[in-house]
Amino acid sequence: MTECIFCKIVAKKIPARIIHEDDLAIAFEDINPQAPIHILIIPRRHISTALEITQADHALIGHLFQVGAEIAQTRGIAEKGFRLVMNTNADAGQAVFHIHLHLLGGRAMHWPPG
Ligand code: 5GP
Ligand code: ZN
């Protein structure tokens with residue numbers, strides 16, 4: 001998707017502070033962090049929302065969670081806790097329509113979320 005900002009980050013056409021890359025996914029620092037640790041884990045392949053995930057994507061989605069958990073461990077927040085969340089459509093505040101897991105941590109999280 002040529003107009004998608006996250007596809008441009010995948011293609012290295014716009015810069016990001018990339019902290020993990022593999023065949024399926026990349027992870028980078030969120031440009032507007034909402035917690036001391038705020039990292040986005042995204043598939044290389046463009047999928048617009050969680051609503052477009054199909055059975056063929058199950059391994060990919062599991063991989064995104066595993067990468068997120070591994071980064072949480074690397075960053076030292078696994079024991080205390082962290083959040084992995086995917087916003088979908090307007091009421092959830094989705095602003096970029098290329099699926100991404102937010103890894104949030106480094107502070108106590110509120111529940112229910114705002
Ligand atoms: P959403 O609201 O779609 O769940 O989350 C989009 C996230 O992407 C936001 O937290 C926002 O700060 C982040 N973001 C938007 N544009 C960019 C960008 O160009 N670079 C990076 N690193 N993060 C971005
Ligand atoms: Zn995209």
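Reply: The ligand site comes before the other local features below. This is a predicted model, where local features need pLDDT of at least 70, side-chain atom pairs count only at pLDDT 80 or more, and totals for chains, interfaces and linings use all residues. Residues are numbered from 1 along each chain as its sequence is written, chains are lettered from A and ligands numbered from 1 in the order in which they are written, and side-chain values use heavy atoms, with hydrogens and water left out.

Me: Which residues come nearest to ligand 1?

Reply: Asp-30, Gly-93, Ala-95, His-100 and His-102, out of 17 residues around the ligand. A residue belongs to that shell if one of its heavy atoms lies within 4 Å of the ligand.

Me: What sort of residues make up the shell around ligand 1?

Reply: Eight are nonpolar, seven polar and two charged. Ala, Val, Leu, Ile, Met, Phe, Trp, Tyr, Cys and Pro count as nonpolar, Asp, Glu, Lys and Arg as charged, and the others, Gly among them, as polar.

Me: Which elements each supply at least two residues of the shell?

Reply: Helix H1 (5–10), strand E2 (25–29) and strand E3 (37–43). The largest share, three residues, comes from H1. Helices (H or I, at least four residues) and strands (E, at least two) are DSSP runs, numbered from the N terminus.

Me: And which side chain has an N or O atom 2.9 Å from an oxygen atom of ligand 1?

Reply: That is His-100. On the backbone side, a nitrogen atom of the ligand is 2.9 Å from a polar atom of Glu-29, and a ligand nitrogen is 3.3 Å from a polar backbone atom of Ile-31.

Me: How much of ligand 1 does the protein bury?

Reply: 83% of the 520 Å² that the ligand exposes when taken alone. Areas come from the Shrake-Rupley method with a 1.4 Å probe.

Me: Different topic. What does the side chain of His-63 make a polar contact with?

Reply: The side chain of Asp-22, at 2.7 Å. Such a contact is a pair of N or O atoms within 3.5 Å; within protein, one must be able to donate a hydrogen and the other to accept it, and residues adjacent in sequence count only if both atoms are side-chain atoms. His-63 lies in helix H2 (residues 58–74).

Me: Now the backbone. Where is the cis peptide bond?

Reply: Between Trp-111 and Pro-112, with omega about 0 degrees. Pro-112 is in the segment after strand E5 (101–105).

Me: What about the phi of Lys-12?

Reply: Positive, about 65 degrees, although Lys-12 is not a glycine. Lys-12 sits in the loop between H1 and strand E1 (18–21). Asn-89, also not a glycine, has a positive phi of about 65 degrees and lies in helix H3 (residues 89–92).
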